[in-house]
Amino acid sequence: MSTEQQVSVSRTIHADADAIFDVLAHPARHADIDGSGTVQASRGEQGQRLEMGSKFGMDMRMGLPYRINNTVVEFEEGRRIGWRHMGRHVWRYELEPTDEGTVVTESFDWSGALPPVKAFIKLMGYPDKHPVDMEATLERLAELTEGTEADQAE
């Protein structure tokens, strides 16, 4: 899905929504699922589980290494999690259980970004580039969660 200031990719993952959400809610797992190759490692408490208002840092690399601090701004246990950093654009995951598993939608939403950030996002072509990386992220998330104990317990 694409709107003027948001791009999204969805995929059915054959796993329980809680098992998938548990990976998303632990920043230490974000490098494992990142399809862009930019997320290197989480900073801070390795066992941290995110909740509304949680702050967490990431070591990133896009050409050069850098650090970013995020705040969880959307949270519904097992269903939705989203975070943003100083640019105010949001990375969001929404989970919808189905008979086949869970439909996971990853979104990059820059509708609330600061005006200079919005211009930078368009200039860098992120709306066109991110969906490919998002598909890779959802593939990695599927590889990590399909066939997990929580999924097999159903």
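Analyst: The model is a predicted one. Arg88 sits in a loop, with β6 (80-84) on one side and β7 (90-98) on the other. Its backbone has a feature to look for: phi is positive, at about 70°, although Arg88 is not a glycine.

The protein chain has 5 helices and 8 strands. In sequence order they read β-β-α-α-β-β-β-β-β-β-α-α-α.

Now the core. The largest nonpolar core contains 33 residues. Ile20, Leu24, Ile81, Tyr93, Leu95, Val104 and Leu141 are the ones with the most contacts inside this core. In soluble globular proteins, nonpolar side chains tend to be buried together.

Val104 can be followed through its contacts. With neighbours within four places in sequence set aside, Val104 is in contact with Val9, Ser10, Arg11, Ile13 and Ile20, among others. The list of its contacts also includes Tyr93, Glu94 and Leu95, as well as Leu138 and Leu141. Over the whole protein chain, residues 24 or more positions apart account for 51% of the contacts with a separation of 6 or more.

His14 is found between β2 (6-13) and α1. This histidine is partly exposed, because its relative accessible area is 44%. His14 and Glu143 are 129 residues apart along the chain, and 9.7 Å separates their C-alpha atoms.

His26 lies in the loop that joins α1 (17-24) to α2 (30-33). Its relative accessibility is 17%, so His26 counts as buried. Residues up to four places away in sequence aside, His26 touches Gly47, Gln48 and Arg49.

Gly125 is in the loop between α3 (115-123) and α4 (126-145). The relative accessible area of Gly125 is 17%, so this glycine is buried. From Gly125 to Lys55 there are 70 residues along the chain, and their C-alpha atoms are separated by 28 Å.

Asp128 lies in helix α4. Asp128 is exposed, because its relative accessible area is 66%. Asp128 and Gly37 are 91 residues apart in sequence, with 17 Å between their C-alpha atoms.

Last, the chain as a whole. Of its 154 residues, 44% count as buried. A compact globule with 154 residues would have a radius of gyration near 15 Å, and the protein chain has 15 Å, so the two agree. The C-alpha trace spans about 50 × 35 × 25 Å along its principal axes. The accessible surface comes to about 8,200 Å², and carbon and sulfur atoms hold 50% of that surface. There are 16 positive and 27 negative side chains, with 11 Å between the centres of the two sets.

Definitions and conventions: Residues numbered from 1 in each chain as written. Predicted model: local features only at pLDDT ≥ 70, side-chain atom pairs only at ≥ 80, totals over all residues. Heavy atoms only, no water. Helix = DSSP H or I, 4+ residues; strand = E, 2+ residues; numbered from the N terminus. Rg over C-alpha atoms; globule rule 2.2 N^0.38 Å. Buried < 20%, exposed > 50% of the residue type's maximum accessible area, 1.4 Å probe, protein only. Contact = heavy atoms within 4.5 Å. Areas by Shrake-Rupley, 256 points an atom, 1.4 Å probe, with all protein chains shown as cover. Lys, Arg positive; Asp, Glu negative; His and termini not counted. Charge placed at Lys NZ, Arg CZ, Asp CG, Glu CD. Core = buried A, V, L, I, M, F, W, Y, C linked by side-chain atoms within 4.5 Å.
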